[in-house]
Amino acid sequence: MLKRAYPSFRSLAEKGELVRVAGAHDALGAVLAEQAGFDAVWSSSLEVSAARCLPDASVLTMTEYLDAAANMQKALGIPVIADCDTGYGNNLNVVHMVHEYEAAGITAVCMEDKLFPKLNSFASGDQTLLSTEGFCSKIRAAKDAQATEEFFVVARTEALINGLSVDVALERSHAYCDAGADAVLIHSKSKTKDQVEEFLSRWDGRRPVVIVPTTYPDWHVDDIAKAGVSVVIYANQGLRATVASLRETFESICRHGDSTNLEDRIAAVSDVFELQKLKEWQKLDA
Ligand code: SPV
Ligand code: MG
């Protein structure tokens, strides 16, 4: 089938089982994540901007991020959760963002509590947070703007990224839930899971918790589930694999003068045709 139905992100989050999500920046990466067995795809601001060799620093516009997320969703039978940075500005931008993403068939968005323009969480530079009340106001604006009950808004706190304590992260997350957030994302750039684990041990379960274990990659998914996480996002492993693989492939061809020694390590053209659903398309003109 060329056009595929997909469940809402909310229906996955409410199942009570850990939701596994992979980051992507285009439909091809998103479909490969789905084929590998992921439950949902994270339309990553880092990936979408990196795919254009631009920094993840609110340089691209909402329309460009939406275009990327919508292209992924159109190709998938699983839902996209869209990384919407700060909501692209103030409350007015947040409302416009929710209208546009929901109309495009995206069932979940994530907003973070940094100032616009924001900088990627792992980059050195300004990681200043918006006031708690300011971000609660954005969450209320988002929740009031959604057209369907199903639409899911994740509130992401960057308190730990900013060097603040787990206490502050908890206080902010509680306030975001009171403002109507459907889940909270606790982000950390610590090399160990300790901060996130402490957050989880003190979390009362009032809403699902989302984590992004980029800098603490050794936390096994079974232990992540046991710690009380509802959604785990492998946000950029696909992008980093792409960089490493393309670099190796292109360098090898330049070095050897041909691609013979790569042939058994790279996908066949027939594999690419299958991802394109070429046969199904050809039937349309049979
Ligand atoms: C992204 O994938 O764009 C994220 C996660 O927001 S991080 O890059 O860790 O900030
Ligand atoms: Mg991002």
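These questions and answers walk through a predicted model of one chain.

Reader: Which radius of gyration does the chain have, and what would a compact globule have?
Author: The chain has 286 residues. For that length, a compact globule would have a radius of gyration near 19 Å. The value for the chain agrees with this, at 20 Å.

Reader: How many helices and strands are in the chain, and what box do the C-alpha atoms fill?
Author: The chain holds 12 helices and 8 strands. Along the principal axes, its C-alpha atoms fill a box of roughly 60 × 40 × 35 Å.

Reader: What share of the contacts comes from residues 24 or more positions apart?
Author: The count takes contacts with a separation of 6 or more. A contact here means heavy atoms within 4.5 Å. Residues 24 or more positions apart account for 69%.

Reader: How much of the chain is buried, and how much of its surface belongs to carbon and sulfur atoms?
Author: Buried means under 20% relative accessible area. By that cut-off, buried residues are 47% of the 286. The accessible surface is about 13900 Å². Carbon and sulfur atoms hold 54% of that surface.

Reader: How far apart are the centres of the positive and negative side chains?
Author: There are 28 positive side chains and 41 negative ones. The centres of the two sets lie apart by 0 Å.

Reader: Which residues coordinate the magnesium ion, and where in the chain do they lie?
Author: The donors are OG of S45 and OD of D83, at 2.0 to 2.1 Å from the magnesium ion (ligand 2). The pair links distant parts of the chain, 38 residues apart. S45 sits in helix α3, residues 45-50. D83 sits in strand β3, residues 80-83.

Reader: Are S45 and D83 buried or exposed?
Author: The cut-off for buried is under 20% relative accessible area. S45 has 2%, so S45 is buried. D83 has 5%, so D83 is also below the cut-off and counts as buried.

Reader: Where is T86, and which residues does T86 touch?
Author: T86 lies in the loop between β3 and α5. Its relative accessibility is 0%, so T86 counts as buried. Leaving out residues up to four places away in sequence, T86 touches V94, M111, E112, K114, L115, F116, K118 and K138.

Reader: Is N91 buried, partly exposed or exposed, and which residues does N91 touch?
Author: N91 is in helix α5, residues 91-103. At 28% relative accessibility, N91 is partly exposed. N91 and I139 are 48 residues apart in sequence, yet 8.6 Å apart in space, C-alpha to C-alpha. Beyond residues up to four places away in sequence, N91 touches S137, K138 and A141.

Reader: What is phi at C53 and at S58?
Author: Most residues other than glycine have a negative phi. C53 lies in the loop between α3 and α4 (62-75), and S58 lies in the loop between α3 and α4 as well. Phi is positive at C53, near 55°. Phi is positive at S58 too, near 60°.

Reader: Are C53 and S58 buried or exposed?
Author: Exposed means over 50% relative accessible area, and buried means under 20%. C53 has 73%, so C53 counts as exposed. S58 has 16%, so S58 counts as buried.

Terms used. Residues are numbered from 1 along each chain as its sequence is written. Chains are lettered from A and ligands numbered from 1 in the order in which they are written. This is a predicted model: local features need pLDDT of at least 70, side-chain atom pairs count only at pLDDT 80 or more; totals for chains, interfaces and linings use all residues. Side-chain values use heavy atoms; hydrogens and water are left out. Helices (H or I, at least four residues) and strands (E, at least two) are DSSP runs, numbered from the N terminus. The radius of gyration is taken over C-alpha atoms; the globule rule is 2.2 Å times the number of residues to the power 0.38. Buried means under 20% relative accessible area, exposed over 50%, partly exposed in between (1.4 Å probe, protein chains only). Accessible areas come from the Shrake-Rupley method with a 1.4 Å probe; for residues, only the protein chains shown count as cover. Lys and Arg count as positive and Asp and Glu as negative; His and the chain ends are not counted. The place of a charge is taken as NZ of Lys, CZ of Arg, CG of Asp or CD of Glu. Donors are N, O and S atoms within 2.8 Å of the metal (3.2 Å for Na, K and Ca); water is not among the atoms, so sites may look incomplete.
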